[in-house]
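Good morning, colleagues. Please look at the model on the screen, and I shall take you through the packing of its side chains.

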Amino acid sequence: GDILIHAGDFTNKGLVKEVENFNEWLGQLNFNHKIVIAGNHDISFDVNNYADIYQSFSGHRKNPCNCIQVKQSLTNCYYLEDSDIELYNYKFYGSPWQPEFNRWAFNVPRGLQILKYWQKIPKNTDVLITHGPAFGFNDLT
């Protein structure tokens with residue numbers, strides 16, 4: 001295929017081994033390009049909130065991870081986080097943020113707080129990749 005898009009939750013709880021396994025799996029897929037964004041389960045990718053979220057899951061892990069190293073281990077794709085890439089003359093923009101849902105990664109309260117992330121989306125975006133549903137379509141949990 002030309003382009004594979006994965007819209008997050010490639011791990012269960014953001015474990016390093018889960019990311020490594022996902023990266024290995026991506027490397028085996030026959031696509032010219034692979035685009036990935038994180039989801040709420042990919043807590044080790046939420047650098048600014050990881051320490052707080054990790055406390056909720058400390059029973060599942062012995063040691064917290066280095067978020068930057070975990071992100072860098074995702075080598076078989078383009079990882080987008082409030083960023084874009086142009087492929088085949090199409091601009092893809094990816095953002096993992098979603099309306100608040102329990103104590104997971106990339107959660108932001110609805111309203112003005114999440115709006116600041118949506119306002120970063122370039123007007124000339126052709127393909128928008130988010131982890132949450134579109135506004136008004138099953139977006140209430």
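I begin with F22, which counts as buried because its relative accessibility is 6%, under the 20% limit for that term. Please bear in mind throughout that this is a predicted model.

What is the ring of F22 paired with? F22 forms a stacked aromatic pair with F10, with the centres 4.6 Å apart and 15° between the planes. F22 belongs to helix α1, whereas F10 sits in the loop between β1 (3-6) and α1, so the pair ties together parts that lie 12 residues apart in sequence. F10 also counts as buried, because its relative accessibility is 10%.

F10 has a further partner. With F45 it forms an edge-to-face pair, at 5.2 Å centre to centre and with 85° between the planes. Here distant parts of the chain are linked: F10 is in the loop between β1 and α1, F45 is in the loop between β2 (33-36) and α2, and 35 residues separate them. F45 is buried as well, its relative accessible area being 0%.

The structure holds 6 aromatic pairs. Which residues make up the aromatic cluster? F10, F22, W25, F45 and Y79 form one such cluster.

Let me now turn to the nonpolar cores. The largest of them contains 25 residues. Those with the most contacts inside this core are F10, L26, V36, F45, L74, Y79 and F106. Four helices each supply at least two of its residues, namely α1 (16-28), α2 (50-56), α3 (67-72) and α4 (112-118).

Leaving aside residues up to four places away in sequence, L74 touches F10, V19, F22, N23, L26, V36, F45 and Y79. Both partners of the stacked pair, F10 and F22, are thus on the contact list of L74, and F45 is on that list too.

There is also a second, separate core, which has 7 residues. Among them are I35, I85, F92 and I129.

I close with the start of the chain. Is G1 buried or exposed? G1 counts as exposed, because its relative accessibility is 57%, over the 50% limit. G1 lies in the segment before β1. Again not counting residues up to four places away in sequence, G1 touches N30, F31 and N32. Between G1 and S95 there are 94 residues in sequence, and their C-alpha atoms are 23 Å apart in space.

Note on methods
Residues are numbered from 1 along each chain as its sequence is written. This is a predicted model: local features need pLDDT of at least 70, side-chain atom pairs count only at pLDDT 80 or more; totals for chains, interfaces and linings use all residues. Side-chain values use heavy atoms; hydrogens and water are left out. A nonpolar core is a set of buried Ala, Val, Leu, Ile, Met, Phe, Trp, Tyr and Cys residues joined through side-chain atoms within 4.5 Å. Buried means under 20% relative accessible area, exposed over 50%, partly exposed in between (1.4 Å probe, protein chains only). Contact means heavy atoms within 4.5 Å. Rings of Phe, Tyr and Trp (its six-membered ring) pair if their centres lie within 6.5 Å; planes under 30 degrees apart count as stacked, over 60 as edge-to-face and the rest as tilted.
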